[in-house]
Amino acid sequence: MMRFEQSKLFGVWISMFFLLVITGCANDGKSDAYGQFEAVETTVSAQTSGELLSFSVSEGETVAAGTQVAVIDTVQLSLKRDELLSQQEAAESKIDNVDAEIAVQQQKLETAQKNLNRIRAMRKDAAATQQQLDDAEGNVKTIQKQIQALETQKKAIRADIKSVDARLKQVEQQLGDAHVMNPIRGTVLTTFVETYELVGQGQPLYKIASLDTLELRAYVSGAQLPSIKLGQQVEVVVDKNADENQQLGGRISWIASQAEFTPKMIQTKEERVTQVYAIKIKVPNPDGILKIGMPGEVNF
């Protein structure tokens, strides 16, 4: 009887062992894909040159969109704007003078035309000579040419005013660019300058990224590709602590159209020769759990 019970107990242990083996084979604990988290990083650069009078962002700081974060020296630009405004005012004054001169010539032309009409009538009655008629006609033509010359001068002055206006708008734009505004809400990742440094146009000032939502860049095989699609909801697994994982929700936002070799930094040597497709999964990060460069796993 004792031997029978021991044999029965041994049989139960054997059954449990095979059940665990079968369960382990059915789910080996591996996720469907692996990758690292990344963010869309924006590098904010100076749009004009000069001394950096103020720079009010620091690494790790969260900055709202539209916040003024830096001011570049605008003294030279302000002086140039004043100079252009003076040129604009002088040119407009010239226009007024030309308009006044044209009005005078128009009055002279009206008088000369009346005189010409009178001499033509007198010539028909032989009361005026041909010379008088020719002189009257010549006087009218001379005044008309003077008016045409003044109109041409006026056009040239207007062209100058238009050129000054364009340069003035350019300076105004540069003055606006001297006040650096933060383009997006996000966290400052890196700063490249310090206050009172001389900066050039196009020089990077700082790098910022929105960490409210991160992207997990992972890789799938060609065999997995047919089973995934854009917008698909997936499970993302990250480390909670040394012994536990944490599950998060994500959405596939991008799938590569061409295969590439598996990146060396996240796969074994045997898998490096395998071609895979990169995908990106948007994962909300309201609590700041996720970090750039943090590893993650995906289950479809």
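A residue counts as buried when its relative accessible area is under 20%, as exposed when that area is over 50%, and as partly exposed in between. Keep those limits in mind for what follows. Lys154 has a relative accessibility of 16%, so it counts as buried.

This is a predicted model. The chain has three helices and 15 strands. It runs to 300 residues, and 29% of them count as buried. Take the contacts between residues at least 6 apart in sequence: 74% of these join residues at least 24 apart.

- Strand 7 covers residues 186-191. Two bridges join strand 7 to strand 4, and the pairing is antiparallel.
- Across this pairing, Thr62 stands opposite Thr187 of strand 7.

**Rings**

- The structure holds one aromatic pair. Its members are Phe55 and Tyr206.
- The two rings are tilted, with 55° between their planes. Their centres are 6.2 Å apart.
- Phe55 belongs to strand 3 (residues 50-55) and Tyr206 to strand 9 (residues 204-209). The pair therefore ties together parts that are 151 residues apart in sequence.
- Are these two residues buried or exposed? Phe55 is buried, because its relative accessible area is 13%. Tyr206 is buried too, at 0% relative accessibility.
- Trp254 has a charge over its ring. The charged end of Lys280 sits there, 5.3 Å from the ring centre.

**Salt bridges**

- Side chains of opposite charge can pair when their charged atoms come close.
- How many salt bridges does a search of the whole structure find? The search finds nine.
- Lys280 takes part in one of them, with Glu38. The N to O distance is 3.8 Å.
- Glu38 lies in strand 1 and Lys280 in strand 14 (residues 275-284), so this bridge ties together parts that are 242 residues apart in sequence.
- Glu38 is partly exposed, with a relative accessible area of 24%.
- Lys154 and Asp99 form another salt bridge through their side chains, at 2.6 Å from N to O.
- Lys154 lies in helix 3 (residues 130-177) and Asp99 in helix 2 (residues 75-124). The bridge therefore ties together parts that are 55 residues apart in sequence.
- Lys154 is the residue from the opening, buried at 16%. Asp99 has a relative accessible area of 28%, so it is partly exposed.
- Lys282 forms a salt bridge with Glu215. Their closest N and O atoms are 3.0 Å apart.
- Lys282 is in strand 14 and Glu215 in strand 10 (residues 213-220), so parts that are 67 residues apart in sequence are tied together.
- Lys282 is partly exposed, with a relative accessible area of 29%. Glu215 is buried, with a relative accessible area of 10%.
- Which residues are linked in a network of salt bridges? They are Glu38, Glu215, Lys280 and Lys282.

**Ser31 in its loop**

- Ser31 sits in the loop between helix 1 (2-26) and strand 1 (33-38).
- Ser31 is buried, because its relative accessible area is 12%.
- The Ser31 side chain makes a polar contact of 2.5 Å with the side chain of Glu297.
- Leave aside the neighbours within four places in sequence. Ser31 is then in contact with Glu297, Val298 and Asn299.

**Gln275 in strand 14**

- Gln275 is found in strand 14. Its relative accessibility is 44%, so it counts as partly exposed.
- Gln275 and Gln258 are 17 residues apart in sequence. In space they are 9.6 Å apart, C-alpha to C-alpha.
- Again leaving aside neighbours within four places in sequence, Gln275 is in contact with Ala259, Glu260 and Phe261.

Note on methods. Residues are numbered from 1 along each chain as its sequence is written. This is a predicted model: local features need pLDDT of at least 70, side-chain atom pairs count only at pLDDT 80 or more; totals for chains, interfaces and linings use all residues. Side-chain values use heavy atoms; hydrogens and water are left out. Two strands pair if DSSP finds at least two bridges between them. Helices (H or I, at least four residues) and strands (E, at least two) are DSSP runs, numbered from the N terminus. Rings of Phe, Tyr and Trp (its six-membered ring) pair if their centres lie within 6.5 Å; planes under 30 degrees apart count as stacked, over 60 as edge-to-face and the rest as tilted. Buried means under 20% relative accessible area, exposed over 50%, partly exposed in between (1.4 Å probe, protein chains only). A charge sits over a ring if NZ of Lys or CZ of Arg is within 6 Å of the ring centre and within 35 degrees of the ring normal. A polar contact is a pair of N or O atoms within 3.5 Å; within protein, one must be able to donate a hydrogen and the other to accept it, and residues adjacent in sequence count only if both atoms are side-chain atoms. Contact means heavy atoms within 4.5 Å. A salt bridge is a side-chain nitrogen of Lys or Arg within 4 Å of a carboxyl oxygen of Asp or Glu.
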